[in-house]
Amino acid sequence: MADALLGPAEIRDLAARLGVAPTKKLGQNFLHDPNTIRRIVAVAALRPDDVALEVGPGLGSLTLGLVGAVRHVHAVEIDRALAAALPGTVTAAHLTVHPADALKVTGDRFDPAPTMLVANLPYNVAVPVVLHLLAELPTLRGGLVMVQKEVADRLTAGPGSKVYGVPSVKLAWYAEARPAGKVPPAVFWPVPNVDSGLVAFTRREPPSDVPRAAVFAVVDAAFAQRRKTLRAALAGWAGGPDRAESVLRAAGVSPQARGESLTVGEFAAIAGAARQQGSGGKLSPSGAEPEEKNS
């Protein structure tokens with residue numbers, strides 16, 4: 001590693017010196033265990049020529065681990081005070097700090113272009129941040145993110161699982177995801193009341209050439225009423241239950257199936273069949289918003 005990693009005493013001293021207190025509003029839980037940092041960097045399988053993107057670097061504990069492993073690190077920090085202080089803690093010429101909201105950053109902001117997302121994500125925005133960055137940054141080949149264990153389970157769930165839902169399907173559109181380990185609460189300050197989980201993902205080609213927005217509209221509609229059959233759940237989106245059934249049959253999907261049993265490829269097939277029939281898109285895409293947020 002390029003610099004010594006931060007332990008619990010160093011984290012508290014640094015926070016006191018900067019006059020910083022973790023806020024629940026920003027979902028701040030600062031990582032202070034060097035062994036966990038080393039583990040994250042190792043599990044991320046970074047290459048020396050990678051460009052890492054870190055969201056929510058906080059006091060810089062993970063940033064210190066990343067600068068020793070890759071050729072460039074972009075750190076996006078919404079807290080202006082923390083963003084201003086980061087270069088003083090991580091004195092690396094190949095670190096670029098971006099005082100910005102990760103949900104609003106665009107790809108043209110980053111030079112060189114990021115190839116890996118490695119971050120301890122604020123729990124309240126973890127899923128939207130991952131999906132936004134994958135959409136905005138086609139140069140990302142993969143990543144490793146630490147999120148609340150419950151969210152990690154949802155992101156990596158497969159069809160048929162009780163926790164399979166909007167986040168699972170939308171991440172599967174972009175990437176193959178897998179659970180990469182559990183992280184105990186004790187390595188954070190303040191100590192959260194839940195375990196954290198690591199999610200590793202590798203970008204792949206989308207399963208269909210149907211536009212992403214059209215597929216995601218089907219996903220939102222299906223999970224907005226996840227207990228209903230797709231014939232009923234997609235009725236509002238398709239323009240009626242009969243039209244929904246017609247689209248589903250054309251896509252080779254049983255009208256009696258439920259969204260939680262479908263792969264992302266099957267959702268894409270439904271969207272494609274709807275486009276051919278001139279159906280679909282009548283439901284607001286915000287239908288399953290609660291599924292996507294993990295506050």
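Q: To begin with strand pairing, which residue stands opposite H74 in β3?

A: Two strands pair if DSSP finds at least two bridges between them. Here L53 is the residue opposite H74 of β3, and β2 and β3 pair in the parallel sense over 5 bridges. Helices (H or I, at least four residues) and strands (E, at least two) are DSSP runs, numbered from the N terminus. The structure is a predicted model, in which local features need pLDDT of at least 70 and side-chain atom pairs count only at pLDDT 80 or more, whereas totals for chains, interfaces and linings use all residues. Residues are numbered from 1 along each chain as its sequence is written, and side-chain values use heavy atoms, with hydrogens and water left out.

Q: Which residues of β3 point one way, and which the other way?

A: In a regular strand the side chains alternate between the two faces of the sheet. From β3, H72, H74 and V76 point one way, while V73, A75 and E77 point the other way. Strand β3 (residues 72–77) is mostly covered, with 6 of its 6 residues buried. Buried means under 20% relative accessible area, exposed over 50%, and partly exposed in between (1.4 Å probe, protein chains only).

Q: What do the buried residues of α2 pack against?

A: The buried residues of α2 include P34, I37 and V41. Down the axis of α2, its buried residues fall within an arc of 160 degrees, so they too line one face of the helix. Their packing partners are β1, α3 (61–67), β5, β6 (142–148), β7 (175–183) and β9. The face of α2 turned away from the buried side carries exposed N35 and A42.

Q: Where does A45 lie, as a residue with a positive phi?

A: Most residues other than glycine have a negative phi, and most peptide bonds are trans. A45 has phi near 50 degrees and lies in the loop between α2 (34–43) and β2 (51–55). As for peptide bonds, a cis bond joins D111 and P112, with omega about 0 degrees; P112 is in the loop between β4 (95–99) and β5. Another cis bond joins W189 and P190, with omega about -5 degrees, and P190 sits in the loop between β8 (188–189) and β9 (196–203).

Q: Which residues of the largest nonpolar core touch the most other members?

A: In soluble globular proteins, nonpolar side chains tend to be buried together. A nonpolar core is a set of buried Ala, Val, Leu, Ile, Met, Phe, Trp, Tyr and Cys residues joined through side-chain atoms within 4.5 Å. The largest has 62 residues, of which L117, L234, W237 and I270 touch the most other members. Helix α8 (residues 212–224) gives the most to this core, with 8 residues. Apart from it lies another core, of 39 residues, among them V70, L86, M146 and A200.

Q: Which residues does the UniProt annotation "binding site" cover?

A: UniProt positions are given in the numbering used here, feature names are shortened, and annotations may be inferred rather than shown by experiment. The annotation, from an unreviewed entry, covers N29, L31, G56, E77, D101 and N120.

Q: How many Å separate the backbone oxygen of N29 from a polar atom of the side chain of N120?

A: A polar contact is a pair of N or O atoms within 3.5 Å; within protein, one must be able to donate a hydrogen and the other to accept it, and residues adjacent in sequence count only if both atoms are side-chain atoms. Here the separation is 3.3 Å. N29 is in the loop between α1 (8–18) and β1 (30–31), whereas N120 is in strand β5 (residues 116–120). N29 counts as buried because its relative accessibility is 18%, and N120 because its value is 13%. Contact means heavy atoms within 4.5 Å; beyond four places in sequence, N29 touches N120, F188, W189, P190 and P192.

How values were computed
Arc of directions from axis to C-beta.
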